There are 2 protein chains.
Amino acid sequence: MSRQLTEKPATILDVARLARVSKSTVSNVIRGAGVIAPSTKERVRQAIDTLGYRPNLIARQMVQQRTSLIGVVIGDLANPFYSEMAKAVEWHATTRGYQVMICNTQIDERRELASLRSLLDYRVAGLIMLAYAGDAESRQLVTEARVPSVFVTCMADWGDVVSTDDEKGGRLATEHLIDLGHRRIAYVGDSSVEDAADHARAAGYRKAMTAAGLKAAIQHWRDLSLEALLTGRPRLSGVVSSNDLGAIEILDAADRLGIRVPDDLSVVGYDDIIIAGLRRISLTTIAQPKDELARSALDMLHARVTGETRGKPKRAIVECGLVVRGTTARFRS
Amino acid sequence: MSRQLTEKPATILDVARLARVSKSTVSNVIRGAGVIAPSTKERVRQAIDTLGYRPNLIARQMVQQRTSLIGVVIGDLANPFYSEMAKAVEWHATTRGYQVMICNTQIDERRELASLRSLLDYRVAGLIMLAYAGDAESRQLVTEARVPSVFVTCMADWGDVVSTDDEKGGRLATEHLIDLGHRRIAYVGDSSVEDAADHARAAGYRKAMTAAGLKAAIQHWRDLSLEALLTGRPRLSGVVSSNDLGAIEILDAADRLGIRVPDDLSVVGYDDIIIAGLRRISLTTIAQPKDELARSALDMLHARVTGETRGKPKRAIVECGLVVRGTTARFRS
DNA sequence: GTGAAAGCGCTAACAC
DNA sequence: GTGTTAGCGCTTTCAC
């Protein structure tokens, strides 16, 4: 442990010299390969210890022609849904012996492209896409590099996908409001949610509305005055938001406009981010099981990386469920 | 761009062959080194394009004996303060040409040690510590590896430090309450805040209290019944929390106990995480300028990595400030 | 201006 | 059981 502090890290050759063996022998004991005489094994161990030697992963991966790096592409780290997912992904990746490289893209095509390029330049073994802006160039880049990719909570036809059943989630949220007696219910989409997921949730909403003989009204933040939505006539009594952050903004707007939640307005979110459970927010929402999404994503990716899975993109669906809290209540005219 | 999809990524040799030059020449045009005849330069460019060639960074960094990797050690990615900081750090790192490797430690010494080991095995050029459990073995590991480290919002005497003036922050928060007429004010520390920072904030609180002739009461979550704290006699009328998340928990507890904020109780947080600004939370707090902390940290680290700075650990302080929102009000008996 | 050659730290055949 | 050897893909002298 008492290497000179002025030296550069010890190499396998330093260890070999000190232990009076060849570097292959050192390599063998490190990797537990072949059969080595207990005495030499011990000598090597000693040498490794006194030098504080640690194998250079860059060098190892260079010769092995594969890295244990996983690129994680994220929409917005400051968005709790993404950061909570990132945490779960990091955990499951580390558990399987991978190291993650996280890139934050703000769902901007240029940044996504730059991130992907950088990740591929490092020869990542695989990609976890927590957000995908859907750029054609991105697609070409990744498919040409033949790097296994799994899309979590977002979609692409050229990689594995793991998500919850978004249509079911949208339906669940809507049916909850319908069951509570609401009739005028709007759906509000958000750009921070990937398009396909947003559409699926909206489709679930529409189905539930139609099945109940109600008129669907699908809105989008992009072209929406929250005030007009909430104060228009006839009065809305329920809102389904495509994500929790949007729902919380609706809560804010309602507070500002003197609309009481849940007395005058019921709101359902989507994601179940941690803060949705705060007493001050207490948001009814559709829970996405983040740990399971991440676990599943890493299982799929790992299977691709090892070659265990090959061929056509696969798809995994994990269950979502309604969590009833304080922002929804029975309709009162 | 039309490489066979079954091939492995093109190497510099493939480009050299196609352009009918040596690989050194290709290397030179890639790196813009030396003087190359425009015609050959063009041929090489063409070859690079048709092959979709991208230099293998692993190989490059192997020969250059240094990486452009930065290890980022985080306490808890699901904690908004950390994830907001992580976002800022990622941004500033990317901007300077680094790629980040994020490790989430839950401020657990064993996980921190494992993360650090992994990061060092990848030969990261530098380390940004957003949290530091303070393990002695961690310290030895990193100092022996001679990897520049900067501690952000946490402390160690063996690396550069960038933080806000925590004592001032604690003082500001406390003085705000005193100015509002509060007399019985408690300070509540939290384990998710690094010890040194927590202590400095508590010290600021104590100074302000003492200066006003008031009695300081420093508590810690670890050994605290929130109910006892809030309902004990004589009644507390102000609380300074060492972080926003803790402050929000106090808000929750107050709501639960029927204590009105800010009418019966004023609460000040620390960090100014995004959700503190939500109308439903509207937390008065001490703002840590996250972008500036991150920028400063990366400047310091970059200067170390390039050798521009050397020698004793440096220290940078960025300003913090009070943000008054809705959880504090004038004292009424 | 361009190329030949050495070598970064390691693994993996393949000899001995 | 252990050592020799040939690279992995790149940069970097140093000749020509």
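## Before you start

This is a predicted model, in which local features need pLDDT of at least 70, side-chain atom pairs count only at pLDDT 80 or more, and totals for chains, interfaces and linings use all residues. Residues are numbered from 1 along each chain as its sequence is written, while chains are lettered from A and ligands numbered from 1 in the order in which they are written.

## Two copies and an axis

How is chain A related to chain B? A rotation of 180 degrees, with 0.0 Å of shift along its axis, superposes chain A on chain B with an RMSD of 0.1 Å. The superposition is by least squares on the C-alpha atoms of residues with pLDDT of at least 70 in both copies. The two copies are thus related as by a two-fold rotation axis. Within chain A, the residue that comes closest to this axis is Met101(A), at 2.4 Å (C-alpha).

## Where the chains touch

Helices (H or I, at least four residues) and strands (E, at least two) are DSSP runs, numbered from the N terminus.

The same surface serves both copies, as 100% of the contact residues of chain A recur in chain B.

## The six-stranded sheet

Chain A has an open sheet of 6 strands in the order 7-6-8-9-10-12, with mixed pairing. Two strands pair if DSSP finds at least two bridges between them. Strand 7 (218-220) and strand 12 (321-323) of chain A stand at the edges with a single partner strand each, so one side of each has no neighbour in the sheet. Inside the sheet, strand 6 and strand 8 of chain A pair in the parallel sense over 4 bridges; Val188(A) has Ser241(A) in strand 8 as its bridge partner. Helix 9 (residues 195-211) of chain A lies across strands 6, 7, 8 and 9 of chain A, at about 175 degrees to strand 6.

Chain B also has an open sheet with the order 7-6-8-9-10-12. In chain B, Ala186(B) stands opposite Val239(B) in strand 8.

## Two helices side by side

In chain B, helix 6 (residues 109-121) and helix 7 (residues 136-145) pack at an angle of about 10 degrees, with their axes 9 Å apart. Axes are lines fitted to C-alpha atoms, for helices over the stretch in contact, and angles run from 0 to 180 degrees between N-to-C directions. These two helices of chain B are therefore roughly parallel to each other (angles under 35 degrees count as roughly parallel). Among the residues that meet are Leu113(B) and Leu116(B) from helix 6, and Leu141(B) and Val142(B) from helix 7. The residues of this contact divide into 6 nonpolar, 1 polar and 3 charged.

Definitions and conventions. Parallel < 35°, antiparallel > 145°, perpendicular 65-115°, else oblique. Contact = placed C-beta atoms within 7 Å. Nonpolar A, V, L, I, M, F, W, Y, C, P; charged D, E, K, R; others polar.
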